[in-house]
Amino acid sequence: MFSVPGPPEPPNNVQVFPFCDRVDVTWEASRKDGGSAVTGYTITLQRGEETVQSENLPTSQRTRSLRNLKKGTEYEVRISSRNALGGGEWRVVFVNTTETCKERYTA
């Protein structure tokens, strides 16, 4: 079967871990690169129609902490892979930050 080169598929196994003031995001590489090696990722954080954060990351980075968020708030985490032919479709995960912050204990 012949496939036409294009942007890569979205990253796989995107996981989001919420805290009161941040969310930690992890993901795995795209299974299909669109015929051109993946050159990086774009991650954005949205609250409604507002883009709160947006960042381009290298292929070596598959984790990110998105910080300075509001407690008890719903966010939309969007992540896509890109190659020389452009950015692929978004993988979208909705997440709510927690209402309370756990105290941090130091030894």
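**Notebook: an all-strand chain**

I started with the largest nonpolar core: of its 15 residues, Val16, Val23, Val25, Trp27, Ile43 and Val77 touch the most other members. By nonpolar core I mean a set of buried Ala, Val, Leu, Ile, Met, Phe, Trp, Tyr and Cys residues joined through side-chain atoms within 4.5 Å. Buried stands for under 20% relative accessible area, exposed for over 50%, and partly exposed for what is in between, with a 1.4 Å probe and protein chains only. The elements giving two or more residues to this core are E1, E2, strand E3 (38-47) and strand E6 (74-83). In soluble globular proteins, nonpolar side chains tend to be buried together.

I note that this is a predicted model, in which local features need pLDDT of at least 70 and side-chain atom pairs count only at pLDDT 80 or more, while totals for chains, interfaces and linings use all residues. Residues are numbered from 1 along each chain as its sequence is written, and side-chain values use heavy atoms, with hydrogens and water left out.

**Entry: the whole chain**

I looked up the elements and found zero helices and eight strands. Helices (H or I, at least four residues) and strands (E, at least two) are DSSP runs, numbered from the N terminus. Along its principal axes the C-alpha trace spans about 55 × 35 × 20 Å. Of the 107 residues in the chain, 34% are buried. I took the accessible surface next: it comes to about 7,000 Å², and 47% of that belongs to carbon and sulfur atoms. These areas come from the Shrake-Rupley method with a 1.4 Å probe, and for residues only the protein chains shown count as cover.

I also checked contacts, meaning heavy atoms within 4.5 Å. Among those between residues at least 6 apart in sequence, 60% join residues at least 24 apart.

**Entry: the three-stranded sheet**

I traced an open sheet of three strands in the order E1-E2-E5, with antiparallel pairing. Two strands pair if DSSP finds at least two bridges between them. Strand E1 (12-18) and strand E5 (63-67) are the edge strands, each pairing on one side only. From one strand to the next the twist averages 15 degrees; axes here are lines fitted to C-alpha atoms, for helices over the stretch in contact, and angles run from 0 to 180 degrees between N-to-C directions.

Strand E2 (residues 22-28) pairs with E5 in the antiparallel sense over five bridges. Val23 stands opposite Leu66 in E5. Leaving aside neighbours within four places in sequence, I list among the contacts of Val23 the residues Val16, Phe17, Leu66, Leu69, Val77 and Val95.

Glu28 is also in strand E2. I put Glu28 down as partly exposed because its relative accessibility is 40%. Beyond four places in sequence, Glu28 is in contact with Pro11, Asn12, Asn13 and Arg62. The C-alpha atoms of Glu28 and Asn12 are separated by 5.0 Å, though the two are 16 residues apart along the chain.

**Entry: the E3-E4 hairpin**

E3 and strand E4 (residues 50-57) pair in the antiparallel sense over seven bridges. Thr42 has Asn56 in E4 as its bridge partner. The two strands form a hairpin with two residues between them, and Gly48 in the turn has a positive phi of about 65 degrees.

**Entry: the disulfide**

I counted one disulfide, a disulfide being a pair of cysteine sulfur atoms within 2.5 Å. Cys20 is joined to Cys101, S to S 1.8 Å. The link of Cys20 and Cys101 is right-handed, with 100 degrees about the S-S bond. The pair links distant parts of the chain, 81 residues apart: Cys20 is in the loop between E1 and E2, and Cys101 is in the segment after strand E8 (91-96). Cys20 counts as buried because its relative accessibility is 6%, whereas Cys101, at 43%, counts as partly exposed.

Most residues other than glycine have a negative phi. I noted Asn13, in strand E1, with a positive phi near 50 degrees. Asn13 is partly exposed, at 40% relative accessibility. Asn68, in the loop between E5 and E6, has a positive phi near 65 degrees. At 76% relative accessibility, Asn68 counts as exposed.

**Entry: Glu9**

Last, I looked up Glu9, found in the segment before E1. Glu9 is partly exposed, at 33% relative accessibility. Residues up to four places away not counted, Glu9 touches Ser30, Arg31, Lys32 and Ser81. Glu9 and Arg91 are 82 residues apart in sequence, and 9.0 Å apart in space, C-alpha to C-alpha.
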